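Hi,

Here is the structure I promised to pass on. My notes follow below it.

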Amino acid sequence: MDNYSFQDVLGTSATISTVLQFLTGSVICHRYIRKKSTGETSGFPFVSGFLSCFLWLKYGMLTQEHVVIFVNIIGSVLFFSYVLVYFTFSINKRIVIRQFLGACVFIMLCTIYTTYESNKEKAVNVSGLVCCCVGVLFFASPFTKLAHVIHTKNTESLPFPIIIASFFVSLQWFIYGLLIEDKFIQVPNLLGCLLSAIQLMLYVIYPSRSTYSVGPAYQQLRTEEILA
């Protein structure tokens, strides 16, 4: 009974934490709006977040898990809005468009497969596996700026709120997966913990320093963005 109670509480906590994790993107978007620029940050975490949430939403619909459906409806809406904000203030809009269209095509292909697959159990398993892979992609998406961070010795381009939230959320879901013995939950969240921990270590090695100060440094940043 105690074990069941802990599992129930942990599941609720993980659900709430996941929604809060999704909301961390609003902090980053607020910075974009305030500065009217996305700076050196990548929009890929938002695109991959939208992709991950939408696929988990489809998975929840297949398995009729109402909690999964509820959480990922919220996530899909939020990440879509984050992509719009990033697109609005991004200089490299073509990259954002390509990434988002790629995500939409992938979603469409997965939807077609799950709709026309006669073996529903197989459809659920394949959908779960795809969700796991995309979930890991979401956790690892800030690594797209890894080379830049190491080169500049500055973690300004990494989305710290998303990374720290990802670590604690994935840790909770990993423990929850152990309790219910679900490998689809265990594996991606264990990898999520490890990937997030590595990125957090970069903040210790290369402390963030602002690159948005007014003056020559800011002008140099703008020039680099235009040439990128």
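A quick word on terms before the details: helices (H or I, at least four residues) and strands (E, at least two) are DSSP runs, numbered from the N terminus. This is a predicted model, where local features need pLDDT of at least 70, side-chain atom pairs count only at pLDDT 80 or more, and totals for chains, interfaces and linings use all residues. Residues are numbered from 1 along each chain as its sequence is written, and side-chain values use heavy atoms, with hydrogens and water left out.

The unreviewed UniProt entry annotates "transmembrane region" at several spans, including 67–89 and 185–206; such annotations may be inferred rather than shown by experiment. Residues 67–89 are 100% helix and 0% strand, with end C-alpha atoms 34 Å apart. For residues 185–206 the figures are 95% helix and 0% strand, with the ends 32 Å apart.

Ser196 sits in helix α8 (residues 183–205). Ser196 has a relative accessible area of 1%, so it counts as buried (under 20%; exposed is over 50%, partly exposed in between, with a 1.4 Å probe and protein chains only). Its side chain reaches the backbone oxygen of Gly192 at 2.9 Å.

Then there is a helix pair: the axes (lines fitted to C-alpha atoms over the stretch in contact) of α2 (residues 44–63) and α4 (residues 93–116) come within 9 Å and cross at roughly 10°. That makes α2 roughly parallel to α4 (angles under 35 degrees).

Best wishes

Technical notes
A polar contact is a pair of N or O atoms within 3.5 Å; within protein, one must be able to donate a hydrogen and the other to accept it, and residues adjacent in sequence count only if both atoms are side-chain atoms. Axes are lines fitted to C-alpha atoms, for helices over the stretch in contact, and angles run from 0 to 180 degrees between N-to-C directions. Angles under 35 degrees count as roughly parallel, over 145 as roughly antiparallel, 65 to 115 as roughly perpendicular and the rest as oblique.
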